[in-house]
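Let's take a walk through this structure together, one residue and one pair of elements at a time. Have the model open beside you as you read.

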Amino acid sequence: MNQSSASDRNSGAAPASRGLIKCLTGALAPYLHILYYVLTFILIYALTRLLGVVIYRDVIDFNEVPRLFLNGLRTDISGLGYLMALPVLLTFLRSALPLRAGKPFFYLEKGWLFLTGLLVFFLELCTFPFMEEYSVRPNRLFVEYLVYPEELIKLMLRGHLTAVVAVTALMTAFTVFLYRALGRIRQTRSPSVLAAVLVFILLGGLNFIAARSSFEHRPFNLAKASFSTSQIVNNLAANSGYSLITSVKAALSENQNTYQTMEPRDILALIKEDTRFNYAPATEEHPTLNVLAPVNRERKLNIVIILEESLGAQFSKTLGGSDFTPELDRIYAEGWGFTRLYATGVRSVRGIEAVTSGFTPTINTAVVKREKSQKNFFNLGGLLRKQGYSTAFIYGGESHFDNMRSFFLGNGYDTIIDINSYDNPEFVASWGVSDEDLFNKAISHFDEEHQAGRLFYSLVFTSSNHDPYEIPDKFAKGAPRSRENAVRYADYALGRFYDTVKTKPYFKDTIFLVIADHDARAGGSDLVPVKNFHIPGALFGAGIEKRSEDHVVSQIDIPKTLLSLAGIAAEVPLPGYDLARLPEDFQGRALLQFYQNFALLRDDGSLMMILPDAKSASRRYDFKDHHISEAPDNPALEKLALAYALLGELAYQKGYFLNCPGT
């Protein structure tokens, strides 16, 4: 009797178990397309990385390739986890509801998969053209350029037409493929609501784990995917969608930093100890305020800065590069040249903030584009206007680009001359008038200011040496567009300017500086490619004699140096040095910001890198062969480098450069 009952129960349990499995399997079926979708994009990501390994094979350590793909897979799973959260929810809703009620969710899901799929594929296609220019995967620069559609369209059609055609063709083919693939999805229902709920809880949980990709306190991020001393390897371990979203998210949270933290008082103490300026005027509101005592005590002089677009030291024979800039080399031979001058970043706005405001680089957006710095922010223009100078920004393109117009007008520049100010320019390229037109306009402006008896300060920003490298036909003479020909033309125009201003009556009363905003490209596999931060800078005019400065110096040293030479006494918030009056025991230093990586470089080749996620790396730089090698830990230098890395953001947030007294 008991045996018979047990047998009956077992025989009943088996069909019930099979029924439950069948029910759950049926509830899983509506999600099957998500699995295929995820696997498709994991394959696309992997193929992109494989292509990257082939392209950059000369700078990749192949022992790191397995981990590159493993970390890349983790990045992909995390990114796809976020993207699939909505489709998983929508699939649950439309499979649990009656067909009619679930239809809107069905179409919404397909639309999401279609649009996100196109975006992900497009970003992967753009990866290598973007990396060729910026050495990183698409980041917030990718989005920032969309704000200037006219310049972007001209740049792409005139300089990268082949890439545009290839991307368009591949995007068209993929669009057709994806549309047809998603068209095969059918709206199906779960066998029961209970089964749908159980499966959703299971898949939703797995999706959450995939997106977070970590059981630690903090979820996975790109810093965790980075493992190599090669910037190229770390970028390949990411994917372009994840890189872009992470970068944009950081830009929207301007006070975000992922470096190790340090107390503000400790940051300031380290900077003051390193610089040893006269900080007597410093206050709680302006703790970096220090005394500038000029070397020139005779009379005030005019100041002109020629900010050369993308002119790295690699093009100057004087600085150990190619022989593309004989005119610049002539200025070096006749003036005061800096042989180890380093840019603070790889964008024009970085050069502008350093050269005109002496502001240290940050992990976030340059102050030229940030809200708090649009008015009463320390700048040469604002200080010199208070000193009785006429101040101007002279540019050949659209001054609104990169927010330059707003930044300059709000910080002391009386006059803005841009492309709309030229009546009959000889040549107009994608980025504006030619350098010759620009220099002719600048000289005309100087003439007017001199004739009116006014002291003047002008920032003259060139643009001919910019992709797509359009230069006047009279100079090109049928030669193909190239970086080298653009450099040669920019140098030719500079030489003509140099020869002309030397004949002007105000030449003896004007400090001229020619300096690059940044190098052409910051490439290579190093975490911070120091070689590509080396830029030219030379002073001439106003009785400046031939001289060479061989210390490592930074763009942030320029404002104080110019003010000193021009005879301006002031109290300034600048952490940069007066290069005309260096201490005898000066240890040269330069600050380099390569996207999220920061570096402090010293005269002796010491190179301390501050990296995201509270990491650091001690290195040594060889100035002759540009090789970066491992170096022993240096806790003192690491603390100082971290202080410099954090100073800019601290100064911005606390307003150290705003409404400075004594300026």
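Leu591 has a relative accessibility of 0%, and because buried means under 20%, Leu591 counts as buried. In this predicted model, you will find Leu591 in strand 14, which spans residues 589-594. Leaving aside residues up to four places away in sequence, Leu591 touches Ala343, Thr344, Thr360, Pro361, Ser554, Ile556, Phe598, Ala599, Leu600 and Tyr644.

Now let's turn to the aromatic rings. A pair of such rings is described by how far apart the centres are and by the angle of the planes. The structure holds 42 aromatic pairs. One of them joins Tyr395 and Phe461: the ring centres are 5.3 Å apart and the planes meet at 20°, so this pair is stacked. Tyr395 belongs to strand 4 (residues 390-395) and Phe461 to strand 8 (residues 456-461), so the pair ties together parts that are 66 residues apart in sequence. Both Tyr395 and Phe461 are buried.

For an edge-to-face pair, look at Phe401 and Trp431, with 5.0 Å centre to centre and 80° between the planes. This pair, too, links distant parts of the chain, 30 residues apart: Phe401 sits in the loop between strand 4 and helix 16 (404-409), while Trp431 sits in the loop between strand 6 (428-429) and strand 7 (432-433). Phe401 and Trp431 are both buried.

Tyr395 and Phe461 also belong to one aromatic cluster, together with Phe359, Phe377, Phe378, Phe393, Phe407, Phe408, Tyr413, Tyr457 and Phe657.

The charged end of Lys560 sits over the ring of Phe277, 3.7 Å from its centre. The charged end of Lys272 sits over the ring of Tyr279, at 5.2 Å from the ring centre.

Finally, how do helix 3 and helix 4 pack? Helix 3 covers residues 65-96 and helix 4 covers residues 99-134; they pack at an angle of about 160°, with their axes 8 Å apart. Angles over 145 degrees count as roughly antiparallel, and helix 3 and helix 4 are therefore roughly antiparallel to each other. Their crossing is left-handed. Among the residues that meet are Leu83, Met84, Leu86, Pro87 and Leu90 from helix 3, and Gly102, Phe105, Phe106, Leu108 and Trp112 from helix 4.

Technical notes: Residues numbered from 1 in each chain as written. Predicted model: local features only at pLDDT ≥ 70, side-chain atom pairs only at ≥ 80, totals over all residues. Heavy atoms only, no water. Phe/Tyr/Trp six-rings, centres within 6.5 Å; stacked < 30°, edge-to-face > 60°. Helix = DSSP H or I, 4+ residues; strand = E, 2+ residues; numbered from the N terminus. Buried < 20%, exposed > 50% of the residue type's maximum accessible area, 1.4 Å probe, protein only. Lys NZ or Arg CZ within 6 Å of the ring centre and 35° of its normal. Axes fitted to C-alpha atoms, helices over the stretch in contact; angles between N-to-C directions. Parallel < 35°, antiparallel > 145°, perpendicular 65-115°, else oblique. Left-handed = near helix turned anticlockwise from the far one by under 90°. Contact = heavy atoms within 4.5 Å.
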